[in-house]
Amino acid sequence: MSAPATPRLEGQPPAPTRRHDAGPTALGPVVGGPKVAARQGVRTALRSDPHESDGRFAVAWLHISAPRGAVPTATSKCACGWDRSAVGHDRVAALIGAHAAHRTACPLRNPQEGRAAA
């Protein structure tokens with residue numbers, strides 16, 4: 001006498017014992033297709049991308065945190081590898097100046113190729 005592989009729970013139907021072959025199946029008629037949805041004014045997922053790029057992207061970031069009554073902090077980062085931070089009024093002010101100076105010297109914002117030839 002052999003016991004079932006997994007005991008059945010009370011009130012649950014038995015698990016199907018048939019195996020289904022993974023083959024092509026015939027699809028029935030589509031109800032509520034694109035024509036019906038268009039008539040009802042339903043938006044589809046096939047519209048143009050609302051976030052189309054214009055070719056611009058962020059290269060450098062300056063994040064300043066100056067809560068009232070607390071010590072200010074700042075972080076300056078660039079995609080070229082520039083990564084500086086400062087804590088305190090004077091150092092944050094100096095970092096803001098350094099960030100502005102880096103914008104004019106950054107190789108990503110100002111490519112150096114062809115400058116000597118011009």
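# Close-up views of a predicted model

View 1. At 0% relative accessibility, Ser-76 counts as buried. The cut-off explains the label: buried means under 20% relative accessible area. This is a predicted model. Ser-76 belongs to strand β2. Its side chain makes a polar contact with the side chain of Trp-82, at 2.7 Å. Setting aside residues up to four places away in sequence, Ser-76 touches Trp-61, Leu-62, Trp-82, Asp-83, Arg-84, Leu-95 and His-99. Leu-62 is also the bridge partner of Ser-76.

**View 2. The whole chain holds two helices and three strands.** The chain has 118 residues, and buried residues make up 14% of them. Now take the contacts in the chain with a separation of 6 or more. Residues 24 or more positions apart account for 20% of these contacts.

**View 3. Three strands form an open sheet.** In what order do the strands lie in the sheet? The order is β1-β2-β3, and the pairing is antiparallel. β1 (60-65) and β3 are the edge strands, and each pairs on one side only. From one strand to the next, the twist averages 5°. Strands of a sheet pair through backbone hydrogen bonds, either parallel or antiparallel.

**View 4. β1 pairs with β2 in the antiparallel sense.** How many bridges link β1 and β2? The pairing runs over six bridges. Ile-64 has Ala-74 in β2 as its bridge partner. Leu-62 has Ser-76 in β2 as its bridge partner.

**View 5. β2 and β3 form a hairpin.** Strand β2 covers residues 73-78, and strand β3 covers residues 83-87. The two run antiparallel and are joined by five bridges. Four residues lie between the strands of the hairpin. Gly-81 sits in the turn and has a positive phi of about 120°. Thr-73 has Val-87 in β3 as its bridge partner. Further along, Lys-77 stands opposite Asp-83 in β3.

**View 6. Side chains alternate along β2.** Which residues of β2 point to the buried face? Ala-74, Ser-76 and Cys-78 point to one face and are buried.

**View 7. A charged end sits over the ring of Trp-82.** Which residue supplies the charge? It is Arg-84, with its charged end 4.2 Å from the centre of the ring. Trp-82 also takes part in the polar contact with the side chain of Ser-76. Ser-76 touches both Trp-82 and Arg-84. What about rings paired with rings? The structure holds zero aromatic pairs.

**View 8. Helix α2 lies across the strands β1, β2 and β3.** This helix covers residues 89-105 and runs at about 15° to β2. Two of its residues are shown here. Ala-98 is found in helix α2. Is Ala-98 buried or partly exposed? Ala-98 counts as partly exposed, because its relative accessibility is 26%. Ala-98 and Arg-84 are 14 residues apart in sequence, and their C-alpha atoms are 9.2 Å apart in space. His-102 also lies in helix α2. His-102 has a relative accessible area of 10%, so it is buried. Not counting residues up to four places away in sequence, His-102 touches Cys-78, Cys-80 and Trp-82.

**View 9. Pro-72 lies in the loop between β1 and β2.** Why does Pro-72 count as buried? Pro-72 counts as buried because its relative accessibility is 5%. Its contacts, leaving aside neighbours within four places in sequence, are Ser-65, Ala-66, Ala-86, Val-87, Gly-88, His-89 and Val-92. One of these contacts, Ala-86, has a distance to compare with the sequence. Pro-72 and Ala-86 are 14 residues apart in sequence and 8.4 Å apart in space, C-alpha to C-alpha. Another contact on the list, Val-87, is the bridge partner of Thr-73.

Key:
Residues are numbered from 1 along each chain as its sequence is written. This is a predicted model: local features need pLDDT of at least 70, side-chain atom pairs count only at pLDDT 80 or more; totals for chains, interfaces and linings use all residues. Side-chain values use heavy atoms; hydrogens and water are left out. Rings of Phe, Tyr and Trp (its six-membered ring) pair if their centres lie within 6.5 Å; planes under 30 degrees apart count as stacked, over 60 as edge-to-face and the rest as tilted. A charge sits over a ring if NZ of Lys or CZ of Arg is within 6 Å of the ring centre and within 35 degrees of the ring normal. Two strands pair if DSSP finds at least two bridges between them. Axes are lines fitted to C-alpha atoms, for helices over the stretch in contact, and angles run from 0 to 180 degrees between N-to-C directions. Contact means heavy atoms within 4.5 Å. Buried means under 20% relative accessible area, exposed over 50%, partly exposed in between (1.4 Å probe, protein chains only). A polar contact is a pair of N or O atoms within 3.5 Å; within protein, one must be able to donate a hydrogen and the other to accept it, and residues adjacent in sequence count only if both atoms are side-chain atoms.
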